[in-house]
Amino acid sequence: MDLDDRSLTETGIDAPERPQGRVLILACGALAREILALKRLNGWHHMDLQCLPAKLHLWPDRIPDAVEAAVVEARPRYRAIFVAYADCGTGGMLQARCDALGVEMIAGPHCYSFFDGNETFAARGDAEMTAFYLTDFLVRQFDAFVWKPMGLDRHPELRDMVFGNYERLVYLAQTEDPALDRLAEDAADRLGLAYERRFTGYGDLPAALRAV
């Protein structure tokens with residue numbers, strides 16, 4: 001499958017018209033590469049993937065309705081559906097919606113947490129209060145999800161207002177990619193933050209999908 005970050009951001013990935021697996025993974029477009037990589041590595045042929053547009057994260061309140069619509073549409077074709085979203089800024093609304101729909105979802109407040117490992121992330125506590133996080137996807141899409149939506153492309157003077165309380169940018173790296181490392185370091189420089197790279201791999205995601 002050819003993956004283009006712009007398409008993953010704007011439109012996501014449709015489920016197959018004719019299911020090839022028994023389980024549908026309904027995910028955020030920002031997780032498409034990681035889920036497909038795990039599918040290949042583990043031979044999870046019983047799983048199909050559908051991704052909602054990653055740009056929904058710009059309006060978290062829209063995520064529960066989008067997930068519900070996708071679950072209702074896909075449910076007649078699959079034995080089970082697993083929602084590959086964490087809370088993602090919905091304030092518990094997504095969990096409540098998934099409970100009402102009778103589908104499971106990934107545990108954790110956001111993908112930064114489950115990539116780092118939910119227990120590990122929680123244990124860092126106050127030490128991480130001044131950290132701004134990026135994942136592989138967000139490094140590639142930094143302009144689309146950070147620089148432009150926050151108006152920094154038009155009003156660079158807003159940088160200190162928006163990021164004045166942050167001290168460092170932490171790149172939670174899913175892969176070993178020097179090109180992404182350079183982009184992440186450049187993002188930290190543009191935001192005026194110290195840079196830290198933390199290799200996480202896929203964190204809790206493999207175990208969550210394996211349980212499905």
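1. A charge is taken to sit over a ring if NZ of Lys or CZ of Arg is within 6 Å of the ring centre and within 35 degrees of the ring normal. In this predicted model, Arg 190 lies over the face of Trp 147, at 4.4 Å from the ring centre, and Arg 62 lies over the face of Trp 59, at 4.3 Å from the ring centre.

2. The model is a prediction in which local features need pLDDT of at least 70 and side-chain atom pairs count only at pLDDT 80 or more, while totals for chains, interfaces and linings use all residues. Residues are numbered from 1 along each chain as its sequence is written, and side-chain values use heavy atoms, with hydrogens and water left out.

3. Trp 59 is placed in the loop between strand S2 (47–52) and helix H3 (63–74), where helices (H or I, at least four residues) and strands (E, at least two) are DSSP runs numbered from the N terminus. Trp 59 counts as partly exposed, at 33% relative accessibility; buried means under 20% relative accessible area, exposed over 50%, and partly exposed in between (1.4 Å probe, protein chains only).

4. Eight aromatic pairs are found in the whole structure, the rings of Phe, Tyr and Trp (its six-membered ring) being paired if their centres lie within 6.5 Å, with planes under 30 degrees apart counted as stacked, over 60 as edge-to-face and the rest as tilted. One of them, Phe 132 with Phe 163, is edge-to-face, at 5.1 Å centre to centre and 90° between the planes.

5. Phe 132 is buried at 13% relative accessible area, and Phe 163 is buried at 3%.
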